[in-house]
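Hello,

Here is the structure I said I would pass on. Please look at it first, and then read my notes below.

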Amino acid sequence: MTFRYIAIDWGSTNLRCWLFDDDVCLESRQSEAGVTKLKGVSPRAVLAEITAGWRDDSDTPVIMAGMIGSNAGWKIAPYLPCPVAFGAIGRQLMPVAAQVWIIPGLSVEHEDNLNVMRGEETQLLGAFYLAQSSLYVMPGTHCKWVTADRSNILDFRTVMTGELHHLLLQHSLVGIGLPAQQSDVGTFNSGLLRGIEYPALLPQLFEVRAAHVLKALPAEFISEFLSGLLIGNEVATMTKQLACGTNLSSQAQPITIVAEPNLAARYQAAFNYFQLPTQLIEGDVAFLAGIRNIAYELAN
């Protein structure tokens, strides 16, 4: 007999769900009914609609992660303070309806580091079971750098690289007057090298604007150069801050990067500069592995 469960990634702007029998995905659905777009419809009603036909048996567990557990969502799921055992995540779920749970987030409260994550903890849990490491890097709008040991999440920091890239291109002088942007590996690598070798980021940002005005860079590749500059600066800064140099180079396990393949490859290029080994896990693969682990814990 197979074990059926529903996995849900419910963010601010989108909702995605999967119906599983053991490790086999039977069906997936998605909606734009993120928690900021409910327009007065209750989360319970949205859940019933998007899982229609999946829960004829009300015993089918539903495990949700993301902003649905925030103060803008269904119910506030607590943040588990770090250090915390990986296994504790699935043991402290927030029940919101019969057989429906929200996964808690994680927090850090130190004098030199105040941080929270919500949603990424599920990817992190999956990555722990798929590609264990002492450092997990989770690129995205807000990139998470997570340190861990063989059983515990020790600490994490957040770098707003993705959001800064968007804001600079869409809401600052850097992006004014640019044509449609194109991909270009060479331009990205040039920006990456600049970000790594010249760690003072702020003075360089206006130079991106100047490079466009003075035609030192093709206007259609500004996004690529800026992406390289920001990622290079992030990796150079964080590896130094985490005292990675010798320690990471000599560790038995490579750094685990959790992201969609194109973005993961950009970070991998930065780590290659420092000769630091990496392993890649696609974000959705890690997320579903994390949900699967929790679902099986509930069943046992």
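Which helices do the buried residues of helix 4 pack against? Before the answer, two remarks on the source. This is a predicted model, in which local features need pLDDT of at least 70 and side-chain atom pairs count only at pLDDT 80 or more, while totals for chains, interfaces and linings use all residues. Residues are numbered from 1 along each chain as its sequence is written, and side-chain values use heavy atoms, with hydrogens and water left out.

Helix 4

The buried residues of helix 4 pack against helix 6 (222-241) and helix 8 (261-273). Helices (H or I, at least four residues) and strands (E, at least two) are DSSP runs, numbered from the N terminus. Helix 4 covers residues 185-197, which is 13 residues. From its first C-alpha to its last it reaches 18 Å, close to the 18 Å expected at 1.5 Å a residue; the expected span is 1.5 Å times one less than the number of residues. Its buried residues are T187, F188, G191, L192, G195 and I196. Buried means under 20% relative accessible area, exposed over 50%, and partly exposed in between (1.4 Å probe, protein chains only). An α-helix has 3.6 residues a turn, so residues three or four places apart point the same way.

T161

T161 lies in helix 3 (residues 161-171). T161 counts as buried because its relative accessible area is 8%. Apart from neighbours within four places in sequence, T161 is in contact (heavy atoms within 4.5 Å) with T141, L230, I231, E234 and Y267.

An open sheet is formed by 3 strands in the order 5-9-10, with mixed pairing. At its edges are strand 5 (79-81) and strand 10 (113-117), each of which pairs on one side only. Two strands pair if DSSP finds at least two bridges between them. Strand 5 and strand 9 run parallel over 3 bridges, and Y79 stands opposite G105 in strand 9. Strand 9 (residues 105-110) pairs with strand 10 in the antiparallel sense over 5 bridges. A hairpin joins strand 9 to strand 10 through 2 residues.

The cores

A nonpolar core is a set of buried Ala, Val, Leu, Ile, Met, Phe, Trp, Tyr and Cys residues joined through side-chain atoms within 4.5 Å. The largest has 38 residues, of which L106 and I153 touch the most other members. Helix 9 (residues 283-299) supplies the largest share of this core, 6 residues. A second, separate core of 22 residues includes I6, L15, A33 and I102.

Regards
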